[in-house]
Amino acid sequence: MYRSFRESSGRLWLPAVVAALLCLLMLPTGLLAELSEGASPHLSTADHARMPALQGPFESGPEVTRACLSCHNRAARQVQESLHWTWAYDAPDSGRGYGKSRVFNAFCGSPQGNWSKCTICHAGYGWKDPGITQTSEEQVDCLVCHEQTGEYRKFDYGDPVLKHRGRIIRKPDFAKLAQSVGRPSRQNCGSCHFFGGAHDGAKHGDLDSSLLAPGRQLDVHMDSAGLDFSCVTCHTGEGHRITGSRYRMKAFDALGIDRPGHTDATRTSCESCHGTRPHPQTPKLDSHTRRIACQTCHIPRFARGRVPTKTYWDWRSAGKEPPKAQAEVSEGRAVVPKGNSGDDEAVSGRAPRVTQTFQHGTITWEEQVVPEYRWFDGRIDYILPGESVGDGTSVAINRLSGAASDRDSRIWPFKVMRAQLPFDPVNRTLVFNRLVAASPDDKDALYESYDWQRSVTAGMQLPGAPPFSGKVGFIEAAMFFPITHMVAPKEEALRCNDCHSRNGRMAGLTGFYMPGRDSFPLLVFLGWSLVVATLVGVLLHGAAQASFRKKSAAAAGSVTIHREFIFSLYERFWHWTQAILIFGLMITGFNVSGVHNLFGYEKATTGHYYFAWGLIWLWVFTLFWHMITGEWRQYIPTTRKLMDMVHYYMKGIFYPERYPHPFKKSRRLKHNPLQRFSYFSLHIVVMPVIWVSGTLYIYYGGFHAGGLESVPLGVIAGIHSTTAFLMLSFVVLHVYMAFFIGAPVTGKLKGMITGFVETAIAALDRTTQYRILMVDDDNDFIRLVQAWLGGSGHERDKSILPNELILVPRGSRKEAIRELRQDNYDLILLDLGLPDSEGLDTFLKIYDVRPDIPILVLTGLEESTIGPETVMNGAQDFLDKADIDAKKLLRSIRFALERDQFARSHLSSYRQ
């Protein structure tokens, strides 16, 4: 069956292709065009070119609107209720009235007094007086948003017919325009929004004619060869109410992906399509979206389409003759002189340029502009007529709401348009200024008189103007425009170093802690002071130790030095791997916390992250290893000989011949009491604080969302940095104590590489002190042995064992085991009959704890086989308590010590 199907399919492919081509040819021409252009799936079911009502002829725009309303009978009323018609917006939270007709701007100052030019972009015809409600539906301009020829243009008061002194200069083909209508395109929206501020790209910075057919590098969403979004793809319009108001924005759309049944009727936020966690492969980036707008990283610059935008407008030079014909270059900005003809020079290129004209004054143009960043919660408050501008030095025309402490605020990018605008210096209010003549007889307008006093006085006589003192001054004004378009490809998004550095993009934002940018000067000073103090201390101690080195060497002449295997292979691996990881963490961590900037924030953060996880996994495995091997007991602190060790390091280390080391290192007891206390404190106090604060630091975004907003990141960073300095001080002290005290540096270093540590086995002379643990519950016998080892019996037999012997008695197996786990001994005298243990089991339990210490068994039992059994299981020798005296005991002790010394030396040689 499969073979026949394959053969038949091979014969049918050509007819199938032909049938598909025929189907495509049968599609309407308009549909083919839309498919080929990657158009929106909202395909029209009507061909407006065939509709009788649109065949014309039409003499005016209102006639076209009347024809449109014959079918779309609710459209005009919907438009007249929208922001595009009213130019008025009432803020729902404050009740303040905004909108283009009510607020000031940093370009012409205000539409008041300049209606003939401003209403060129109104969605109606003949909108000469905004104070009069337009009730005629035929005044709505359908063509401005729906014609698709790209040839439609409007003039004063929104009239599409250009007239001069009553004579028609230009009249469009209204029938052709009407028959071309369709869904609004970028051309329709851009005819106004691209040319705000009296020039292409002048106003917003992220909206200009380069977006008519952009490439992917300019905007990944509007890429004409890719997604090819039109404006209404995101700015949806239910009932002609276009979403995406600049007066109330969504700084963060918590709803997430917009879909049927889960929608807020708009797709004007990044989250509407990408969701609230747009980086599933990089959770750290997702944590940034809780406080940073998507646009901040993905729109690194605006005015990127080789169309410059205005960034500064100085009206003070309007009406003044520009400089001489040659350009004056200053600090990279060219002053380009113009005559009195009027329009600004079209500026191209990426270098900031300044144009100066007699009519418009001085204007700065820029391309590839880096945004300015502010905390923003979506609310913008505009200064309204009559409101004070403060001290009169500067004014923010619109004020952004938001703060670092506000969870609803995000860091947003803005274009900031600055200007020198006229104002009333007495009342300290912004003024209405008449720039354009309202009639041929109007000689007070600025473009007629070039007299600021006359033009402002005329403007302040308009309805709604605040009180005017008659004085005119100039004030520095700033206006913020949120940047939301010109989304760059992800490859060009901001990198970590762009923001997380001292001179990065966020350098001007304060009120919060930013890793890599901020540090804590006092904490850093105290931390380095602690490290330096530790370093100075060990240097002084080392210098004092060096001065007594000869005496130490002389004192060491009576001992035999040999290598003893102390550290296992895993312990050495763990030690050096941990050392590398800790040094890596400290170097990269201080970079992340802003102490230095050797690697850049991104590399330092990545390195710190992997070093941290490497150390975590090392510790997890090491903890498991310590538990199964019993090595965890090496770190249990004890007060036994703790002060002896302190005294030794403070004084005894300088006089080793007088004060021998109070602790003997062995495989079973590798750390002296002071080391135990230090390591225990490090593992129980310092390291947990480092892990907890580091985890909170790395995953702060997730924990912050979980309710830790009361703990600022700066506090966590400060705690983490404090423990890091403590750790660094410990490392300095540890390196000194481990490598520069006692044996030479090379010996200690080799010990942690090979596992063999140089130990001293003293000859059996009076200079050697031996510690003996006696485990017996017979107090009388203990006193007798003490007399033999420290009394006259020992003195009589000093030729047998002339050394000083210290006897430590313990009365039970449990006490003996506890003692052996806390301290080192040279010999164990063990009675097999104890209150908590009997016979061979007593020996085996003790031997299992410390097989490295020679054991002399004191039987005292009637069984004749128990002694030999203990020797067979590892005991050095056995003695019958009923047949023992001082001489026999001392001889047995000496032989046991010598055999142990011989065994250790040969075992060391064998391992080498």
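How much space lies in the largest cavity? The largest cavity holds about 70 Å³ of space. The model is a predicted one, and the structure holds 2 cavities of 30 Å³ or more.

**Largest cavity**

- The lining of the largest cavity is made up of 14 residues.
- Among these lining residues, Cys 108, Gly 109, Leu 421, Pro 422 and Asn 433 are the closest to the centre of the cavity.
- By type, the lining of the largest cavity has 11 nonpolar and 3 polar residues, and no charged ones.

**Second largest cavity**

- The volume of the second largest cavity is about 30 Å³.
- Ser 519, Phe 520, Leu 523, Val 524, Ser 593, Val 595, Ser 721 and Phe 725 line the second largest cavity.
- At least two residues of this lining come from helix 17 (521-547), and at least two from helix 24 (713-739).
- The lining of the second largest cavity divides into 5 nonpolar and 3 polar residues, with no charged residue.

**Helix 3**

- Helix 3 spans residues 61-69 and is mostly covered, with 7 of its 9 residues buried.
- The buried residues of helix 3 are Gly 61, Pro 62, Val 64, Thr 65, Ala 67, Cys 68 and Leu 69.
- Helix 4 (75-80), helix 7 (143-146) and helix 8 (174-179) are among the elements that cover the buried residues of helix 3.

Conventions. Residues are numbered from 1 along each chain as its sequence is written. This is a predicted model: local features need pLDDT of at least 70, side-chain atom pairs count only at pLDDT 80 or more; totals for chains, interfaces and linings use all residues. Side-chain values use heavy atoms; hydrogens and water are left out. Buried means under 20% relative accessible area, exposed over 50%, partly exposed in between (1.4 Å probe, protein chains only). Helices (H or I, at least four residues) and strands (E, at least two) are DSSP runs, numbered from the N terminus. Contact means heavy atoms within 4.5 Å. On a 1 Å grid over the protein atoms alone, a cavity is a set of points where a 1.4 Å probe fits but cannot get out, and a pocket is an open set with protein on both sides within 12 Å along at least five of seven lines; lining residues have an atom within 4 Å of a point. Grid points are joined across faces, edges and corners, and a volume is the space filled by probe spheres set on the points. Ala, Val, Leu, Ile, Met, Phe, Trp, Tyr, Cys and Pro count as nonpolar, Asp, Glu, Lys and Arg as charged, and the others, Gly among them, as polar.
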